[in-house]
Amino acid sequence: MVKRTRTAVVATALAGGALLLAGCGGQAATNSAATPETPGTDAATSTAAGAGDHASGTHDDISASNCAAEDFEITLQPQPNGGVFLLEMKNTSEKSCEIGGWVDLTPLNMANQPTDAEGERLDHPGPPQDITLEPGRSAFSGVKVELSGQGDPDAQVASGFTAAPSDMAGEVNVDVKDLDGGDSPVELPIKSFQVGTLQPSPQGVVAF
């Protein structure tokens with residue numbers, strides 16, 4: 001059973017590229033976010049430039065990871081260009097983990113129930129890579145969110161997320177940050193969202 005972290009109510013709106021916070025409630029929903037079919041196994045094996053002390057090394061295609069979701073800390077950091085988040089997947093275990101593909105996100109409402117906001121996987125900024133992630137290091141991807149309009153009766157408000165990395169067992173709660181990197185609670189009226197491929201460097205992943 002996934003251990004739920006504290007979920008606080010957060011109102012999030014994007015105006016002029018800024019993230020605005022205000023308290024409001026969300027509606028319960030029962031459908032989970034869609035996870036479109038994963039592309040083929042011709043994953044890229046080149047190491048991205050500028051990886052620095054983040055993810056290191058690549059290898060042949062993998063069909064399943066030797067690690068589980070609970071071996072990682074996953075955070076979402078909003079970017080100034082509204083509606084875009086940087087996803088960081090940090091290896092908090094004491095072993096090297098084989099990762100690749102995407103992190104499937106499920107938005108949750110105030111009752112910790114999945115909303116029906118539809119998610120889509122993108123080959124952005126490039127095709128999937130097979131990455132060996134050493135302990136303490138991170139891989140990155142971009143997340144682009146389409147927000148519901150103000151007063152939209154079909155709006156599904158997310159006050160948290162769970163994350164299930166590709167080819168791994170389990171899921172973990174996502175730590176959603178504010179623009180300053182703090183832990184302010186967040187509430188997003190999500191209509192749909194897109195998730196890019198995991199990369200060994202944050203370079204280019206949020207340039208949708």
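In this predicted model, Thr 162 has Asn 173 of strand 12 as its bridge partner. Strand 11 covers residues 160–165 and runs antiparallel to strand 12, with two bridges joining them. Both strands belong to an open sheet of three strands in the order 6-11-12, with antiparallel pairing. Strand 6 (103–108) and strand 12 (172–173) form the edges, each pairing on one side only.

The largest nonpolar core contains 31 residues. Phe 72, Ile 74, Leu 76, Leu 87, Met 89, Ile 99 and Leu 105 have the most contacts inside this core. Several strands each supply at least two core residues, including strand 3 (72–78), strand 4 (84–91), strand 6 and strand 11. Strand 14 gives the most, with four residues.

Five salt bridges were found in the whole structure. One of them joins the side chains of Asp 71 and Lys 95, at 4.0 Å from N to O. Asp 71 lies in the loop between strand 2 (18–21) and strand 3, and Lys 95 in the loop between strand 4 and strand 5, so the pair ties together parts 24 residues apart in sequence. Asp 71 is buried at 14% relative accessibility, whereas Lys 95 is partly exposed at 37%.

Arg 121 and Asp 104 also meet through their side chains in a salt bridge, at 2.7 Å from N to O. Arg 121 lies in strand 7 (residues 118–121) and Asp 104 in strand 6, so this pair ties together parts 17 residues apart in sequence. Arg 121 is buried, with a relative accessible area of 16%. Asp 104 is buried, with a value of 16%.

A network of salt bridges links Asp 175, Lys 177 and Asp 183. Within it, the closest N and O atoms of Asp 175 and Lys 177 are 2.9 Å apart. Asp 175 is partly exposed at 28% relative accessibility; Lys 177 is buried at 17%.

Note on methods:
Residues are numbered from 1 along each chain as its sequence is written. This is a predicted model: local features need pLDDT of at least 70, side-chain atom pairs count only at pLDDT 80 or more; totals for chains, interfaces and linings use all residues. Side-chain values use heavy atoms; hydrogens and water are left out. Two strands pair if DSSP finds at least two bridges between them. A nonpolar core is a set of buried Ala, Val, Leu, Ile, Met, Phe, Trp, Tyr and Cys residues joined through side-chain atoms within 4.5 Å. Buried means under 20% relative accessible area, exposed over 50%, partly exposed in between (1.4 Å probe, protein chains only).
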